[in-house]
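The structure is shown first for reference.

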Amino acid sequence: MNLKNNHLVIMAGGIGSRFWPMSTPDYPKQFIDVLGYGRTLIQLTADRFQGICPLENIWVVTSERYAETVKKQLPDIADDHILREPCRRNTAPCIAYVSWKIKARNPDANIVVTPSDHIVMDIVEFQRVINSAMNFTAESDAILTLGMKPSRPDTGYGYIEADLTVSSTTNKEVYRVDSFKEKPNLEIAQHYIEKNKFFWNAGIFMWNVNTIVNALRVYQPNISKIFEHLLPYYYTDKEQEMINRNFPLCENISVDYAIMEKADEIFVFPASFGWSDLGTWGALHENLPKDARNNVQIGEGIKLYETRNCVIHTMQERKVVVQGLDGYIIAEKDNTLLICQLSEEQRIKEFSAE
């Protein structure tokens, strides 16, 4: 595998509405130091690909409103590698745009696509898996996705059903995908766990650029034609104008529906490296270290008394005292304070709209 051909695409257009008040539409969670590490989620995402993809081969696809924030947080990324979507059209048009642009300069590119707002706790294992997976796609015309080995019957993730009877001849950790499953109810999720051949869909994909472009031509010809016709404009001062004019014409569709559920050569790499999509406050509580009373604390000057099973995120406050709570979210950002039962966190979108 030639590292010079390795490209990283970070998808960073999400609005993170379930993490209010820490995350807002103007400043969503990928741009926030959610974990209290001194690095934002998008910075941590770029960090963990060091040694896998050269800095000059990192791309970020985001909305126009977040482009300046991306530039501030990832200042070493070239300006023409920050792709600005004029409107939200889900992941298939996003991937089509960046794939055609990469192909225009590097027809041998080997690409990994990742969300910007997930966490990985075991970086060493993550890098081993990514390197192995990209070796596989560099030498084949396969589309590969990572499947996270489930630790519980979770209803918040889509699932990938793998055929574990025969692994790939070129990589013994890679298996064919039998089917993709929608987010299940609890009973079906429990059934998936018992079968041992179902994996969480992490939304991390790998392919060489010719494979994905050809798949787009076959399965999404309308989207493909839009970005293929824009080839003369990539890397020119006309590019953004043409994208603004043509991007809204794309169907609003995810790459899962557009490509993954239609194509034949789809493979999954089952993996386990402490992954979470960090979609909720509950996921944050589950994934971070806890004190003796099962509390997660992010911020300085937090004092807890008779408090258990809580997540406290108050990085802007000098002193926070909590007494007598069990199973609550306490979160503060920019003069907004949320105190909410963890069991009621699905209502946060409702609260933020008030």
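1. Leaving aside residues up to four places away in sequence, T145 touches I160, F180, N201, I204, F205, M260, F267, V268 and F269 (contact: heavy atoms within 4.5 Å). T145 belongs to strand 6, residues 143–148 (strands are DSSP E runs of at least two residues, helices H or I runs of at least four, numbered from the N terminus).

2. T145 counts as buried because its relative accessibility is 0% (buried: under 20% relative accessible area, with a 1.4 Å probe and protein chains only). Its side chain also reaches the backbone oxygen of I204 at 3.2 Å.

3. The model is predicted: local features need pLDDT of at least 70 and side-chain atom pairs pLDDT 80 or more, whereas totals for chains, interfaces and linings use all residues. Residues are numbered from 1 along each chain as its sequence is written, and side-chain values use heavy atoms, without hydrogens and water.

4. Within helix 8 (residues 239–246), the buried residues are E239, M242, I243 and N246. They lie on the same side of helix 8 because they cover an arc of only 100 degrees around the axis (taken from the directions from the helix axis to the C-beta atoms). These buried residues pack against strand 3 (82–85), helix 3 (91–105) and helix 7 (221–228).

5. Helix 3 and helix 7 themselves pack at an angle of about 35 degrees, with axes 9 Å apart (axes are lines fitted to C-alpha atoms over the stretch in contact; angles run from 0 to 180 degrees between N-to-C directions). A92, P93, A96, Y97 and W100 of helix 3 meet I223, S224, F227 and E228 of helix 7.

Technical notes. Buried means under 20% relative accessible area, exposed over 50%, partly exposed in between (1.4 Å probe, protein chains only). A polar contact is a pair of N or O atoms within 3.5 Å; within protein, one must be able to donate a hydrogen and the other to accept it, and residues adjacent in sequence count only if both atoms are side-chain atoms.
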